[in-house]
Amino acid sequence: MSEDQFTARAAVLWGTIPMQARERLLKNVFCRNCRGSVEIIKFTGEERDGNLVLTGSCAKCGQGVARVVETSQVDSSGN
């Protein structure tokens with residue numbers, strides 16, 4: 001993954017997620033074509049409404065997939 005795949009804000013959000021959690025997120029994306037959880041490949045990231053949105057392709061069939069990582073619900077107190 002190269003940093004140019006992410007907008008600046010998305011790169012900051014992605015950087016706050018622990019490495020093991022990132023790996024789990026990337027391997028748990030729903031594909032409508034495969035009808036199940038798949039790995040996302042060739043993905044980009046952007047921030048929308050305070051959340052991180054990963055957009056890419058299904059590793060199995062190549063169909064477009066997306067994963068929303070809800071980061072906007074975490075406040076500064078950690079709750």
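User: How many bridges join strand β3 to strand β4, and how do the two run?
Analyst: In this predicted model, β3 (residues 40-48) and β4 (residues 51-58) run antiparallel and are joined by 7 bridges.

User: Which residue in β4 is the bridge partner of Ile-41?
Analyst: Ile-41 is partnered with Ser-57 of β4.

User: What about the hairpin: how many residues lie between the strands, and which takes a positive phi?
Analyst: The hairpin of β3 and β4 has 2 residues between the strands. Asp-49 takes the positive phi, near 55°.

User: Changing topic, how many salt bridges does a search of the whole structure find?
Analyst: The search finds 1 salt bridge. In it, the side chains of Arg-48 and Glu-46 meet at 3.0 Å, N to O.

User: Is Arg-48 buried, exposed or partly exposed?
Analyst: Arg-48 is partly exposed, its relative accessible area being 42%. Glu-46 is also partly exposed, at 30%.

User: And aromatic pairs, how many are there in the whole structure?
Analyst: There are 3 aromatic pairs. In one of them, the ring centres of Phe-6 and Trp-14 are 5.8 Å apart and the planes lie at 25°, so this pair is stacked.

User: Why does that angle make the pair stacked?
Analyst: The pair is stacked because its planes are at 25°, and planes under 30 degrees apart count as stacked.

User: Are Phe-6 and Trp-14 buried or exposed?
Analyst: Phe-6 counts as buried at 9% relative accessibility, and Trp-14 is buried with a relative accessible area of 4%. Together with Phe-43, Phe-6 and Trp-14 form one aromatic cluster.

User: How many residues are in the largest nonpolar core, and which have the most contacts inside it?
Analyst: The largest nonpolar core has 18 residues. Those with the most contacts inside it are Phe-6, Trp-14, Ile-17, Ile-40, Leu-52 and Leu-54.

User: Which helices and strands each supply at least two residues of this core?
Analyst: The helices are α1 (8-15) and α2 (19-26), and the strands are β1 (29-31), β3, β4 and β5 (64-69).

User: Where is Thr-71, and is it buried or exposed?
Analyst: Thr-71 is in the segment after β5. Thr-71 counts as buried, at 18% relative accessibility, because buried means under 20%. Leaving aside neighbours within four places in sequence, Thr-71 is in contact with Leu-13, Gly-50, Asn-51 and Leu-52.

Conventions:
Residues are numbered from 1 along each chain as its sequence is written. This is a predicted model: local features need pLDDT of at least 70, side-chain atom pairs count only at pLDDT 80 or more; totals for chains, interfaces and linings use all residues. Side-chain values use heavy atoms; hydrogens and water are left out. Two strands pair if DSSP finds at least two bridges between them. Helices (H or I, at least four residues) and strands (E, at least two) are DSSP runs, numbered from the N terminus. A salt bridge is a side-chain nitrogen of Lys or Arg within 4 Å of a carboxyl oxygen of Asp or Glu. Buried means under 20% relative accessible area, exposed over 50%, partly exposed in between (1.4 Å probe, protein chains only). Rings of Phe, Tyr and Trp (its six-membered ring) pair if their centres lie within 6.5 Å; planes under 30 degrees apart count as stacked, over 60 as edge-to-face and the rest as tilted. A nonpolar core is a set of buried Ala, Val, Leu, Ile, Met, Phe, Trp, Tyr and Cys residues joined through side-chain atoms within 4.5 Å. Contact means heavy atoms within 4.5 Å.
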